[in-house]
Amino acid sequence: MKGLDAVKRAVEDAGVKIITCVPGYPITETADAVGAEISVNEKVALEIALGASATGAQAMVLTKQLGMNLLADPLVISATHTIGSGLVVLVGDDIGPKGSQAEMDSRAFGPLAELPVLDPRDPAALYASIIEAYQVSESLRIPAIVRVTPRLLSATGADVSPVPSRGSGQEYERISWNLTVKGRHQRHHREVLPSAEAASEATPLNRVLISPEAKTGIIASGFPASLAEGLGASILAVAYAHPLPWKLIRSFIDDHSRVLVAEEPEPFIESQLRMEPKVRGKLSGRLPLGLLERSDLVRALGSLENEPETRPRISEAGSSYESIAGRGYTGICDDCPFMPLYRALAKVDAPVAGDAGCAIRATREPYESVDLVYGLGSAVGVASGFRRRGIAVIGDFGLAHSGLQGLINAAWRKQEVYVVLLKNGVAAMTGGQEAPDLTRLVEALAPTSYISLPAPESEIEKALRAGLERPGVSVLVVEGRCARADAGRGD
Ligand code: SF4
């Protein structure tokens, strides 16, 4: 069974009724497999799930790691607000990023939101973790987070015995409104977190493999636990990255003379054990930051007795930064209809803010026509802050995701910004999913003109120069059909 199949079966066996998502690597394929409904952004995806949970339906949200930043607001509030039926946020961390603007460790949302985070090691554990996450979520009336990674989703493992665990259909109860915000937080600490801690200690998903002769132990979280097997060391594979099973960890450390912490991408657990002199890992330079390979563990075990290095290693090579030249990058497709626009943008003298759609591909040679990309939907807000008149380049999915708020703000605050909306009707970077047509809304907010592609580069350049002369907020809608939209990019 592959990791992706494990998610599908767990969703069926848990009786999940509502599944929402925002596509993005590495969860796009999984979201398709479970029939998730696309939302404009992750915050809305979680809000829909919260509403479903409140009215008795088990719900799931699928998001990539960067989406956690957007849904953090209702997530943090939901912990002490309480929910109805079970709700699981399945987050895909793009480790050693292939399709993301930042490498992030979503396990950090555990302590931030004070919610449980399960970090399964293989497909069977992934299935069981989702089932357990629903049980914990429903019994404690809080969302639970399950973290997956690309290698876990594509890994093949043993089949599982189904553990059907249908939800009770419980609805939200108004108990939390009797308490102040402080009182809810106090209740969360006194009643909820101890139960989550007990679940973390007692779950059969913790795996302890003791090698009788081994003086070295490996504490592992997530997929690296699979890499740690057969290396001669004892293993403690924790099921919960938060809250951690501290009693188990204490006893495991006491039973070994040296302990290596295998986790990715960040030293999330190791940093909590930093004052423990036996513990080594990424912080002590024994393992590289980011993605781990089995060879990294072998090398680390061989040097564990040495004095600790003082700094984390950034890579296997130890000193060089991964470069675009070395790795290569995906540029604008050769048959992209928007190519003349990117060429024209490079000719006008104005700062250009893009968003995390295909515009990000125009940041480098041969175009170098987009200067800044601070994330999906960010272009209009960023360009509004330019101290000289600049351009925001945003796709129609980016506009729906969160860019519209930037446009509303620009119109409201009477800012100086020229917006170029790439209207192709799809989220091109993530597989050609449908994007809503918001041009009527845009027209209501700002003077709007249109260019349909194909059009000569000179005509687009002329329109850009005219737009930059126009005071206030205005929008140029550039309409074209993504050449990959019908085939689907799938990244
Ligand atoms: S995916 Fe579509 S919109 Fe993006 S660069 Fe390629 S053709 Fe253009």
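The domain bounds I use here come from an automatic or database domain assignment. The model I am reading is predicted.

**Entry: domains**

I started with the overall layout. The protein splits into domain 1 (3-202), domain 2 (207-302) and domain 3 (339-479). I then looked up how domain 1 and domain 3 sit relative to one another. Their centres, taken over C-alpha atoms, are 34 Å apart. On the domain 1 side I find eight residues in contact with 10 residues of domain 3. The side of domain 1 that touches domain 3 has four nonpolar residues, four polar ones and no charged ones.

Next I turned to helix pairs. Two packed helices are described by the angle between their axes and the distance between the axes, so I noted both each time.

Helix 1 (residues 3-14) packs on helix 6 (residues 123-140) at about 30 degrees, and their axes are 8 Å apart. Because angles under 35 degrees count as roughly parallel, I can call helix 1 roughly parallel to helix 6. The crossing is right-handed. From helix 1 I listed Gly3, Ala6, Val7, Arg9, Ala10, Asp13 and Ala14 in the contact, and from helix 6 Pro123, Ala124, Leu126, Tyr127, Ile130, Ile131 and Tyr134. Sorted by class, this contact has 11 nonpolar residues, one polar and two charged.

Helix 3 (residues 42-54) and helix 4 (residues 65-81) came next, with an angle of about 35 degrees and axes 7 Å apart. This crossing is right-handed. Helix 3 brings Glu42, Lys43, Ala45, Leu46, Glu47 and Leu50 to the contact, while helix 4 brings Gly67, Leu70, Leu71, Asp73, Pro74, Leu75 and Ser78. I count these by class as seven nonpolar, two polar and four charged residues.

I then followed the chain out of helix 4. Thr82 lies in the loop between helix 4 and strand 4 (87-92). Its phi is positive, about 80 degrees, although Thr82 is not a glycine. That was worth a note, because most residues other than glycine have a negative phi.

**Entry: helix 13 with helix 17**

Helix 13 (residues 339-347) and helix 17 (residues 457-469) pack at about 50 degrees, with 9 Å between their axes. That angle makes helix 13 oblique to helix 17. Here too I noted a right-handed crossing. The contact takes in Pro340, Leu341, Arg343, Ala344, Leu345 and Lys347 from helix 13, plus Glu457, Ile460, Glu461 and Leu464 from helix 17. Six of the residues in this contact are nonpolar, none is polar and four are charged.

**Entry: cis peptide bonds**

The bond between Leu453 and Pro454 is cis, with omega about 5 degrees. Pro454 is in the loop between strand 19 (448-452) and helix 17. I marked a cis bond from Tyr25 to Pro26 as well, where omega is near 10 degrees. Pro26 belongs to the loop between strand 1 (18-21) and helix 2 (28-33).

**Entry: ligand shell**

Which residues are closest to the ligand? I found Cys333, Cys336, Cys358, Cys482 and Ala483, out of 12 residues that surround the ligand. The shell as a whole comes to eight nonpolar residues, one polar and three charged.

How values were computed: Residues are numbered from 1 along each chain as its sequence is written. This is a predicted model: local features need pLDDT of at least 70, side-chain atom pairs count only at pLDDT 80 or more; totals for chains, interfaces and linings use all residues. Two residues are in contact if their C-beta atoms, placed from the backbone, lie within 7 Å. Ala, Val, Leu, Ile, Met, Phe, Trp, Tyr, Cys and Pro count as nonpolar, Asp, Glu, Lys and Arg as charged, and the others, Gly among them, as polar. A residue is near a molecule or strand if its C-beta atom, placed from the backbone, lies within 6 Å of it. Axes are lines fitted to C-alpha atoms, for helices over the stretch in contact, and angles run from 0 to 180 degrees between N-to-C directions. Helices (H or I, at least four residues) and strands (E, at least two) are DSSP runs, numbered from the N terminus. A crossing is left-handed if the near helix is turned anticlockwise from the far one by less than a right angle, and right-handed if clockwise. Angles under 35 degrees count as roughly parallel, over 145 as roughly antiparallel, 65 to 115 as roughly perpendicular and the rest as oblique.
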